Each structure stands twice: as C-alpha cells, then as structure tokens.
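The following paragraphs go from the whole chain to its ligands and then to one residue. Please keep the structure in view while reading.

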Amino acid sequence: MKFFRSHVLVSVDPECVAQGAHQIVDALNDELVAQGLIDEIQVLETSRLGDPNRFGPDLVVYPENVHYANLTVDDVPFLVEEHFLKGRIIEKFRAKETVVTDDELGAPKSKEVRIVLRNCGKIDPHNIEEYIAEDGYQALANALTASTPEKVIDEMMRSGLRGRGGAGFPAARKWQLCRQVPDNPKYLTCNADEGDPGAFMNRRVLESDPHSVVEGMIIAAYAIGASMGYIYCRAEYPIAVANLNIAIEQAREFGFLGNNIFGSDFSFDLEVRMGAGAFVCGEETALIASIEGKRGEPRPRPPFPAVKGVWGKPTNNNNVETYAVVPQILLNGAEWYASMGTEKSKGTKTFAIAGDVVNTGLIEVPFGLSLREVIFDVGGGIKDGKQFKAIQTGGPMGGCLVAEHLDLPLDYEALTAAGSMMGSGGLIIMDDETCMVDIARFFMEFTQEESCGKCTPCRVGTRRILDILEKICEGKGTLADIDRLELLCEEVMKNSLCGLGQGAPNPVVSTLKHFREEYIAHVVEKRCPAKVCKALISYKIEPACTGCMVCARNCPVEAIAGERRQLHVIDDKTCIRCGICVQVCNFNAVSVLS
Ligand SMILES: Cc1cc2nc3c(=O)[nH]c(=O)nc-3n(C[C@H](O)[C@H](O)[C@H](O)COP(=O)(O)O)c2cc1C
Ligand code: SF4
Ligand code: SF4
Ligand code: SF4
C-alpha cells in the first residue's frame, strides 16, 4: 500500500460537480505533477463535505483537517504552492467557522458516537486498501476462518442489533429464520432505496464507505448460507451506485467475493440493481418484485421474504445501515455494542436532522439520548431564537411529537408508544411558526403521490384524506370534515395492504391529537394561527413604513402602490401571498394577518 503525507478530499456532490468540482480535481492533479508532489499528496473524490450552496466547490486536507471552500480552478496553483509546498494554511480560502455547525458531517458534535459513519470523509471510498487499513475485511476473515455461521448469528443476537430500515426487527433473528428454511439457493438483499424526503443516511455510507456494506453483506450471507446478493439502490444516487460497483469489483479482485472466499467452501457474489425512485419499492416485497424485473408492488406477507423472497427462494433483506455495522460488532464484540443504547434498542443510529434547527445534517448518536438532547445539544437548538413546536420522527409515515415528549429516550418502543416511530432516521424539527395542518397536508401529498394504487383503501383513502386537508387549508373545511378525517385515517390504517397505507395517516392522526385547536381555527374561525395557509392570511403595510419602495420593486405581481417617502399600500386582490415584501422590508413594516 502506498503512503501519502496528505490526502485532499474534494467533494463531488452533484451540486459541487455542477460548480466545477471535477475541474478542481484535474487542476489539483496537474499542479501536483508540475510541482513534483504527486507521490506525496493524494487527491480523492468524496461526497458532500458541507452545504454546496455555501461552500462548494470545496475540499478538506488531511491530516490537517483544513476545509477550503468556494474554490476556483485559478486558486489551485496558489493552494498547492502555499499549502503543500510551503506548509502554510491559506486563511482566505478557509471555510468560515459556520461550516462546523452547518456541515453535513464535520467533526463529531457533542454526544455523537460514530460507528456507522466512522470512515465517512476519512478514507478513499475507491480504495479497498484504505478500508483494509481501518481493519476492513478483518471481521469477515475471522468469521470464515475461525468461527461458524451459528456462532456469527449468536454474536449478532447478543449484540441486540435491530434492523435500521424502520421496523426494528432483530437482525440476527431474521438471519436465523432464513438460515433454518430448508430450501436453496438463498439470497440476500440490501435495501438502499432510501426514499424518505430529506433522508440521506444510507447515501452517505454508500458513497463514502461502500466496503463496510459489502463486508457486512458477505458476513450475513455466510451466516445465512446465501450464495448471491443484490443491493437495491435508487438511480438518483449515481455516486453511491458507482462507488458500490467499484467496491464490489475490488472485493472480487481481493478474493472477498466469488468462489471459496478465504479458502473456505463458502462462495458468494454481489450485484447492484438500480431502482427508478418509486418510494414504495423500499417496501421489501415490492423491492423483491422490482429486483426480479416485475412491477414494484407490495404483496401480502406471509410468506415473508425469509421463506419466499427473490425468485421465490429464501431471502434475507436488511437496510444499508444494518449491514454496515455488522463488521464492527464482530470485531469489537457483542457486549461492546450492547453496552450502548437502552434495554431494547442497542448501539447507535444515524439520523438526518432537517427543519428549523441550527445544525441540520447527518448525525450518529447512541439510542437512549433524549429528543431534547438531540434537538438542543446535537442539533444546536431552534434557529433564529424561535420556540420548539414539534418534531416529526419516522419519515413521511411517522408522527409528530411535541414539547411534552422532549425527554423521551430515542428508543423504538418509546417512540411508538408516544404515537410516532423510529423509521429509518429522518428527523424534521419545526418551530412555532409552523402550521401543523399544512404539515399534515405536506406529508399526505407525498404518500398519496407515492401510493402504488394496488389496494383501494390506500389508493382512494389517501386521495380523500388529502382532499379534505387541502379544503381545510383553503379555509373551506367544516367541523364535519375533521370527523371525516378521523374516520378515514382509521380505515386506511386498518385496511391497507402495506406499511405505506398503514402508516400514511400518522402525520394527520398525530397532529389532530396534539394540535386539534389549529384544525378548529382553520374550519371555524377561518384562521391559520401560524399564518402559513395562503388562503387564510393577508398582508398589511403598517405606519412604520418609510416609503423606501423596496417592497414595491420586489413584488412579483405589482400589488404594492405608494409614492417615495409615503406609506405604501397592498392591493389584497392582486397579492399572491408570496411573502417577499416581508423579507425585503428593512423596517419590519409589513405584517401578516390571519
Ligand atoms: C413504503 C415503505 C418504504 C420503505 N422504504 C425503505 C427504505 O427505503 N429502506 C429500508 O431499509 N427499508 C424501507 N422500508 C422497510 C422495509 O420494508 C424493510 O422492513 C427493511 O428494509 C428491513 O430491513 P431492516 O430489518 O434492516 O430494517 C420501507 C417500508 C415501506 C412500507
Ligand atoms: S397500501 Fe398503498 S402502497 Fe401499499 S400496496 Fe396498497 S396501494 Fe400500494
Ligand atoms: S419596504 Fe417596508 S418601508 Fe419600504 S416601502 Fe415597503 S413597507 Fe415601506
Ligand atoms: S406578499 Fe408577495 S404578492 Fe403580496 S404584496 Fe407582498 S410581495 Fe406582493
């Protein structure tokens, strides 16, 4: 293995690529050659380092851990000369301090424990040797040469690892069930469909540390007795797909995939199958149908995939994160893993935090942390000094939790008991200016659009629920609509075939439970208390107006009239409620009424 004194990780996130990241990579390599440094400094491509809109194109230099942002090709010769030749950090190129808080990963934040994400941004995902240098494929070697499938399953059982795709089913129990089915061949699938809006936990692991997933899958295949595996990854993740294919190819070259792995009688191979982006294809039976080349629709269970999966054969399906953590558990021991977390939720979990919180992005924390710790300590609290209102956990089929739940521990059972769920790790935090009826409408719009239409309760029910929510947001709802909503939600949840329909009403049910008064304000008083629903608000210019004319110049529909230095006026009939005048007025003279 070749050693370099510095590694330069350039973000090739699609947004950075659009801003010229590949040209930066080429320019860096050319300049390193020109300066005779190419054997000392290695340039690597990695996924997103910070928010590309603020920092791209950007790169991080290790071991110094210096983040340079907003680079151009013209900056490269100076950067190479100053940083790599003269050893001087260039302050003017450095990302501002805010990168630490806004960065997708950055340095671990307080209370973070990185196991799944430990290699992300640190190793070259295209280089198997870097993974091996971090003890990669050691757990596989141990399992194949010094253990047995039964012992591997036993170790995993004692670790308490639960599936990270949503339902939290014990991973080793699923492996054992599949192993015990007296039918062959057996298959393995990895669910890398990750369709929750705003979730990118799996994407980060696949892009930055694909070998951990490949190794975890080979170990699982050994434990189960599977001979072939499929990684089902959405086509919208081109870097993940490319890096997975490179990792699989390298694992084959090193003899970790293929026939007689480590000289044993165990043979296994892997293939990437791309999904076209239908959210429902993340449901495991739909995923299996899609892998087989059929329409991606769920089917009733049982039979479960462990009995009848890909090509009708026993199949074990796990999420990316579930597989990625397996090598670490075997290397460090079940007791080490089980020492983190709560009684029933062991280890750590990755989350994508989004919404009205200071530190948005990806985190990995041990189970058992309270929601308060996640939002305020790891997430840095609510943005712009506003108040916390609610947190949506569990993705689009999850529920909203409120202030009274802030001290709940992150734990599968605790979240379910409170009316939400763990899901795969999406956390959306909302401040006190969020309309909860509008939030319910937003999630229902997503699930309704993604319903595959196979069963009537979900196909028709989600449409009807959405119709009512839209009616309420438009100020046309009635009290009877709220009763109808409740009834419909119950029926859709009870009678739908798969988890999509069974969970889709959750955001409505939970917001009705905790924010019923907001629904009533919409239908009875025709008022949106959070001043969000366009049909229920109006804009007014207050006497504080200085007549600077800025709002009038920015209004897209010329709804604002007034002379210079005179109080301006909004024509309510022309106004389209875009809110631009509020944003551009430097004198806080525009108020929103409801
Ligand atoms: C509509 C729907 C979408 C799903 N999407 C995903 C997904 O993107 N990734 C995932 O791992 N599991 C997803 N699941 C859950 C899977 O059906 C399955 O439970 C999971 O892949 C099992 O892996 P695990 O045991 O490691 O959690 C989805 C379920 C439903 C109902
Ligand atoms: S519940 Fe919805 S997504 Fe699931 S099978 Fe029925 S129609 Fe399709
Ligand atoms: S931007 Fe504000 S101060 Fe200026 S004219 Fe509009 S309302 Fe008045
Ligand atoms: S809300 Fe938008 S459309 Fe209405 S007055 Fe202000 S800028 Fe114009």
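**From the fold to the ligand sites**

The chain has 25 helices and 17 strands; these are DSSP runs numbered from the N terminus, with helices being H or I of at least four residues and strands E of at least two. This is a predicted model, in which local features need pLDDT of at least 70 and side-chain atom pairs count only at pLDDT 80 or more, while totals for chains, interfaces and linings use all residues. Residues are numbered from 1 along each chain as its sequence is written, chains are lettered from A and ligands numbered from 1 in the order in which they are written, and side-chain values use heavy atoms, with hydrogens and water left out.

The C-alpha trace spans about 85 × 65 × 40 Å along its principal axes. Of the 594 residues, 57% count as buried, meaning under 20% relative accessible area (1.4 Å probe, protein chains only). Among contacts (heavy atoms within 4.5 Å) between residues at least 6 apart in sequence, 70% join residues at least 24 apart.

Ligand 1 has 20 residues around it, and Gly-165, Lys-174, Asn-318, Asn-319 and Thr-322 come nearest; a residue counts here if one of its heavy atoms lies within 4 Å. Oxygen atoms of ligand 1 lie 2.8 Å from a polar side-chain atom of Lys-174, 3.0 Å from a backbone N or O atom of Glu-284 and 2.7 Å from a side-chain N or O atom of Thr-322. The protein covers 90% of the 620 Å² of accessible area that ligand 1 has on its own (Shrake-Rupley method, 1.4 Å probe).

Ligand 2 is surrounded by 13 residues, the closest being Cys-452, Lys-454, Cys-455, Cys-458 and Cys-498. The residues around ligand 3 include Cys-545, Cys-548, Cys-551, His-568 and Cys-585.

Asp-58 sits in the loop between helix 3 (52-55) and strand 3 (59-62). With 2% relative accessibility, Asp-58 is counted as buried. Its side chain makes a polar contact of 2.8 Å with the side chain of His-67; such a contact is a pair of N or O atoms within 3.5 Å, and within protein one must be able to donate a hydrogen and the other to accept it, with residues adjacent in sequence counting only if both atoms are side-chain atoms.

Key: Buried < 20%, exposed > 50% of the residue type's maximum accessible area, 1.4 Å probe, protein only.
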